Amino acid sequence: MDKKAIFTQVSQLEERLGELHHELRGLKEQLAYLIEENHYLHIENENLRDRLEAQEEVESEGKKQEASVKKSFVGEGYDNLARLYQEGFHVCNTHYGSIRSDGDDCLFCLSFLHQK
């Protein structure tokens, strides 16, 4: 090999290294941008999850309160009817309020009290 061919090869290699260095710098800048964007998206995702959990808690508390209000309302009336039945009165729609004879059980009252 002559000196001129070696010099040409070294020059070409130097140009390719320069191009690769330039390309590597561009990839490095893109990577930095993607890492920063990923960080911001991660923070935003955490904030949205916290907000969603808080909203779900508020909704579940509201549903629990509604359910407890309904249960207490229904439960109180049911308890009153069960107490009346235990005291010897009819709670069925056919004989409501009349005294049960000899404390016998009434099938209508029992079916009414045990329905769900």
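This is a predicted model: local features need pLDDT of at least 70, side-chain atom pairs count only at pLDDT 80 or more; totals for chains, interfaces and linings use all residues.
Residues are numbered from 1 along each chain as its sequence is written, and side-chain values use heavy atoms, with hydrogens and water left out.

Helix 1 spans residues 3–86, where helices are DSSP runs (H or I) of at least four residues, numbered from the N terminus. Leu52 belongs to helix 1, and its C-alpha lies 21 Å from that of Asn38, a residue 14 positions away in sequence. Leu52 counts as partly exposed because its relative accessibility is 45%; here buried means under 20% relative accessible area, exposed means over 50%, and partly exposed is in between, with a 1.4 Å probe and protein chains only.

Two surface patches can be followed next. Patches are made of residues with over 30% relative accessible area and no salt bridge, with like charges joined within 9 Å and nonpolar side chains (Val, Leu, Ile, Met, Phe, Trp, Tyr) joined within 5 Å. Met1, Ile6 and Val10 make a nonpolar patch of about 330 Å², an area that comes from the Shrake-Rupley method with a 1.4 Å probe. Met1 sits in the segment before helix 1 and counts as exposed, since its relative accessibility is 75%. A negative patch is formed by Glu46, Asp50, Glu53, Glu56, Glu57, Glu59 and Glu61, with Asp and Glu counted as negative and the charge placed at CG of Asp or CD of Glu. Of these residues, Glu46 lies in helix 1 and is partly exposed, at 41% relative accessibility.

The model has two salt bridges, each defined as a side-chain nitrogen of Lys or Arg within 4 Å of a carboxyl oxygen of Asp or Glu. In one, Arg83 meets Glu87 at 3.3 Å, N to O; Arg83 is partly exposed at 42%, and Glu87 is partly exposed at 49%. In the other, Arg100 meets Asp105 at 3.6 Å, N to O, and here Arg100 is buried at 9%, whereas Asp105 is exposed at 57%.

Finally, an unreviewed UniProt entry annotates His90, Cys92, Cys106 and Cys109 as "binding site". These residues are spread over 20 residues of sequence, yet they cluster in space, with a largest C-alpha distance of 8.3 Å. Such annotations may be inferred rather than shown by experiment. Cys92 lies in the loop between helix 1 and helix 2 (107–114), and Cys92 is buried, with a relative accessible area of 2%.

Key: Helices (H or I, at least four residues) and strands (E, at least two) are DSSP runs, numbered from the N terminus.
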